[in-house]
Amino acid sequence: MEHLENLRALNDADRWIERVIAQRDHLPELGELATLETELRSLLAALHEAQHAAEPLRQAYFSAQESARKLSVRVKDLEGALASSTGSGRELGAMHHELEQVRERVAAAEDEELNCLVALEPLDETIAAIKERAQPGVERRTQLQGEITQLRATLDEEILALRESRAALAQGLDPQWRQRYDAALTRAGISGAAYVDAGRCDGCRIALSPLDLDRFRHLEAGVVMDCPECGRMLLP
Ligand SMILES: [Zn+2]
């Protein structure tokens, strides 16, 4: 009954390969990474929103600051001109009047500067808080990506080695049995054979009818029947 032993070995090898593939494709690190990426994306959206709200205020702040600076220069010029002026009373009066107006405009620009700063403060705090929250997540993401790459490389190597020994096992099987096994494998996937466990085919998990079960139990030595449901060879 060497073919039965070889079939079992081949079947176990195929199932083992499938398990390692499933392990590679369902690493717990992948789940953690997906959750983390969702979290980071929502933090990024919140960050963009806060930055978007802050942007016009920041522009207004800088433009008020620039106005205040230019007007202050004008104030100094007027003050200097007044101090050294020898002009008529009318001219001096006009200069005084302008100075007063420009001083008012400086005060208004400075008020605007302050208003913008006050409005910006909570937004800047929000932006800083989002960045602080995202920081460890970004680090963990890099760490996870590295771990996943490494784990996958190790498992890929293992799968490659398992496939090599599987090929050797298939070579050792009589061609007639190998063809039957491969045909069942192509049809059913994962493995071309299965075992009967508590009256069920452990490939498709479907219970054999009492008649099939009886047939399975009384097969001639070395003869193999197929699962009526999935078509896998039912190994004794
Ligand atoms: Zn089955």
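Two residues are counted as in contact if their C-beta atoms, placed from the backbone, lie within 7 Å. This cut-off is applied below to a predicted model, in which local features need pLDDT of at least 70, side-chain atom pairs count only at pLDDT 80 or more, and totals for chains, interfaces and linings use all residues. Residues are numbered from 1 along each chain as its sequence is written.

The protein is divided into domain 1 (2–173) and domain 2 (176–235). These bounds come from an automatic or database domain assignment. Between the two domains, 11 residues of domain 1 are in contact with 11 residues of domain 2. Helix α1 (residues 2–25) supplies the largest share of the domain 1 side, 9 residues. Helices here are DSSP runs of H or I with at least four residues, strands are runs of E with at least two, and both are numbered from the N terminus. By class, the domain 1 side has 5 nonpolar, 2 polar and 4 charged residues. Ala, Val, Leu, Ile, Met, Phe, Trp, Tyr, Cys and Pro count as nonpolar; Asp, Glu, Lys and Arg count as charged; the others, Gly among them, count as polar. The centres of the two domains, taken over C-alpha atoms, are 57 Å apart.

The overall dimensions come next. The C-alpha trace spans about 130 × 35 × 25 Å along its principal axes. The radius of gyration of the protein is 40 Å, whereas a compact globule of 236 residues would have one near 18 Å. This radius is taken over C-alpha atoms, and the globule rule is 2.2 Å times the number of residues to the power 0.38. Of the 236 residues, 11% are buried. A residue is buried if 20 or more other C-beta atoms lie within 10 Å of its own, exposed if 12 or fewer, and partly exposed in between; the C-beta atoms are placed from the backbone. E110 lies in helix α3 (residues 89–171). E110 is partly exposed because 16 other C-beta atoms lie within 10 Å. From E110 to G231 the distance is 85 Å, C-alpha to C-alpha, and the two are 121 residues apart in sequence. Among contacts between residues at least 6 apart in sequence, 76% join residues at least 24 apart.

The protein has 5 helices and 4 strands. Along the sequence they follow the pattern α-α-α-α-β-β-α-β-β. The 4 strands form an open sheet with mixed pairing, in the order β2-β1-β4-β3. Two strands pair if DSSP finds at least two bridges between them. At the edges are β2 (200–201) and β3 (225–226), each pairing on one side only.

The pairs can be taken in turn. β1 and β2 run antiparallel and are joined by 2 bridges. Here V196 stands opposite C201 in β2. The hairpin of β1 and β2 has 2 residues between the strands, and A198 takes a positive phi near 50°. β1 and β4 pair in the parallel sense over 3 bridges. In this pairing A194 stands opposite L234 in β4. β3 and β4 (residues 233–235) run antiparallel, with 2 bridges between them. D226 has M233 in β4 as its bridge partner. Helix α4 (residues 175–188) packs on the sheet and touches β1 (193–197), β3 and β4. The direction of α4 makes about 115° with that of β4. Axes are lines fitted to C-alpha atoms, for helices over the stretch in contact, and angles run from 0 to 180 degrees between N-to-C directions.
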